[in-house]
Amino acid sequence: MEPLNALVALTNFVIIPATAYGSQLALGALGVTLIYGILRFSNFAHGDTMALGTTAVILTTWGLQSAGINFGPLPTALLALPVGIAVCALLLLGTDRLVYRFYRAKKAVPVIFVIASLGVMFVYNGLTRFIIGPEDQRFADGERFLVSARGFREATGLDEALVIRTTQAITVVVAVIVVAILFWFLNRTRTGKSMRAYSDNEDLALLSGINPEKVVAYTWLIVAALATIAGTLYGLDKSFRPFTYFQLLLPIFAAAIVGGLGSPLGAIAGGFVIAFAEVTITYPLKAVLGYALPDGWEPDGLVQLLSTDYKFAVSFVILLIVLLFRPTGLFAGKSV
Amino acid sequence: MKKFLLASAATFAATAAFAQDDPVKLGVVLGFTGPLESLAPTMAAGAELAMSEVSESGALLDGTSVDSVEADSTCIDAAAATAATERLITGDGVVGIVGADCSGVTGAMLSNVAVPNGIVMISPSATSPGLTDAEDNGLFFRTAPSDARQGEIVTDILMENGVEEIALTYTNNDYGKGLADAIEANFKDAGGTVTIAAAHEDGKADYSAEVGALSAAGGEVLVVAGYVDQGGSGIVRAALDSGAFDTFYFPDGMVSQALVDNFGSEINGSYGANPGTDSPGAQIYQDMATEAGFDGTQPFSAEAYDAASLILLAMQAAGSSDPSVYKEYVMDVANAPGEEILPGELETGLQIIADGGDVDFVGASAVELIGPGESAGNYREITITDGELEVVGYR
């Protein structure tokens, strides 16, 4: 029995990757949930908004790198984030002015907005490929590891290694900071309160003198920041390819709906539920049980619930279960 | 009048058929468009080099010349490949086909067109093990080895390195699945253990879940039956990052300069093998290709030269360009006994056969046909030393 090795293996292959992935999903889901809560539609263009914001960050990063500027051991992309957010914000505000405002003035039903966002998604899709191409882009630099496999093994003498990539640590730290700022903004500032009021009851908010266009503009600004940060963290930690960002739409929506659409707290919880479910259900427990159980009790099989091929099916199944039994989500958002 | 018309039509048909004896037409059906379009031109050039060599020698069947007719197999569209081949046989009257390149369309062309029409097909590059058992009436051969053969090579190399437990991951398509099945079967027969055989999808951003599964299953070496430009490299990256594996075995889809460009000395001590030969024929062929104005080192170009050569030598041995007759002679001219024939020596070979002698065509890829008529396969074994590919031997 080697409980320490079991713990390290589980941390290395389940807890750390799932925490980083969960943070990325949570940031993405927060954007979706804010749009749903305030603008009252499901924004299908969110994955591609992330891709476009990240594209701006990547291009700025390359510019900084060629100018010889870097961020020491941290990725240069963090320095480029403000530029990316600004570009993404301009794009979203422009899209709102061109597309969504028209339907808002007509008081169109939500399904029209959803379909309009689908059209926006295709336009963004093409725009990203036009600007940066459909291939993989690498833009991570700086120190790769906080704790490397060899370093950990040498320091502890354990068989299993624990690896923490710099990008994973950054992802979690940045996500915590962003969420803290967002909650402070929504709960403590005047603008944040007016956004929540508008979300709770549009007519009452209008009667009390809240300017709807201002609320909408602030929402897009926050969404631009969230989407760009989420996209950049995902690209740094994994890799940037426009198509994978489009595919992220499913787990992001699953996270938002599981948590309860319109509930920021729910979006975060949902992100972690989806991420941990995807990773733990497809992780074979053979090695961990081998260490944790007494000698002679080790399993022969893989003890794997689902093969990794079915990773994406997991978010679908959770989505279905939640919609069937608790349509408002874990944190009682709006039912869909 | 009706009789006269019929008679003249028959005469016309007869003369047309007679005219086809001279020259001999061979079809070259390759994926000039589609996923292998970058390889098809040098493959076609290889096949046509052999044809022009034979034509110029004037030694084939009392001085018959050879014409090539090209058609597009598309590599992936079985219907298009079948239609193109049909046209070659019924319209152009080809008596043999060099092709196709990809395993899927090759199988379709064979069963839908070549077998019903009784035409010989020699593929230079279809490697799927499934084609070994294809219903072919003795009409299908390939100068490329089956991936079943690669399964044996992988097992041999791993066993010689003292590896008894492997984890196996493969790209989720016909190539990856076929190769993985071959490796798994051979390795188990040799007494080894395959702890897990898991597919991975190409083009994903993140392979940590896949690597988590592979790592949990364990194994001394991770065999990555994928593509170096695709998920294969993603798997290796994630495995290195998480400390799950540090030694890898690389099959043919992974062995390339891109591999060491991606990982450098991080994969020191890993090894693998891809098709290749140190036979003198390879060098002779490359020189001939350079002179003819194309790059003979491109994959499967040499195999295409050999495929066309085998058809023509078999015709000479049979004394006929009728596929139902010369199909019996393909194996004879490809294998020992007989005088060894290298690239550029086709004239000598044709002459020896005409004089009643026996030839053993070695060609550019050291052809040796085994089983139902597929190349035994020559592999180049490599290791990664100090961040560079190093050739350690041939087998």
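Just after helix α2 of chain B, B:Gly58 takes a positive phi of about 65°. The helices and strands named here are DSSP runs (H or I of at least four residues for helices, E of at least two for strands), numbered from the N terminus. This is a predicted model, in which local features need pLDDT of at least 70 and side-chain atom pairs count only at pLDDT 80 or more, while totals for chains, interfaces and linings use all residues. Residues are numbered from 1 along each chain as its sequence is written, and chains are lettered from A and ligands numbered from 1 in the order in which they are written.

Helix α2(B) covers residues 40-57. From its first C-alpha to its last it reaches 26 Å, close to the 26 Å expected at 1.5 Å a residue; the expected span is 1.5 Å times one less than the number of residues. A residue is called buried if 20 or more other C-beta atoms, placed from the backbone, lie within 10 Å of its own, exposed if 12 or fewer do, and partly exposed in between.

The buried residues of α11(A) include A:Pro251, A:Phe253 and A:Ala255. Among the elements that cover them are α1 and α12 (264-281) of chain A.

A:Ala255 also belongs to the largest nonpolar core, which has 142 residues. Such a core is a set of buried Ala, Val, Leu, Ile, Met, Phe, Trp, Tyr and Cys residues joined through C-beta atoms within 7 Å. A:Ala26, A:Ala255 and B:Val223 touch the most other members. Helix α1 (residues 3-39) of chain A gives the most to this core, with 20 residues. Not counting residues up to four places away in sequence, A:Ala26 touches A:Ala175, A:Ala255, A:Ala267, A:Ile268, A:Gly271 and A:Phe272; contact requires C-beta atoms, placed from the backbone, within 7 Å. Another core, of 81 residues, lies apart from it and includes B:Ala59 and B:Leu312.

Two single residues give a contrast. B:Val236, in helix α8 (residues 231-241) of chain B, counts as buried because it has 27 C-beta neighbours inside 10 Å. Leaving aside neighbours within four places in sequence, B:Val236 is in contact with B:Val224, B:Phe248, B:Phe263 and B:Ile267. A:Arg138 is found in the loop between α4 (110-132) and β1 (145-147) of chain A, and is exposed, with 10 other C-beta atoms within 10 Å.

Two packed helices are described by the angle between their axes and the distance between the axes. The axes of α7 (residues 190-200) and α9 (residues 212-237) of chain A come within 10 Å and cross at roughly 105°. Axes are lines fitted to C-alpha atoms, for helices over the stretch in contact, and angles run from 0 to 180 degrees between N-to-C directions. The two helices α7(A) and α9(A) are therefore roughly perpendicular, a term for angles of 65 to 115 degrees. A:Thr191, A:Ser194, A:Met195 and A:Tyr198 in α7(A) meet A:Pro212, A:Val215, A:Tyr218 and A:Thr219 in α9(A).

Terms used:
Angles under 35 degrees count as roughly parallel, over 145 as roughly antiparallel, 65 to 115 as roughly perpendicular and the rest as oblique. Two residues are in contact if their C-beta atoms, placed from the backbone, lie within 7 Å.
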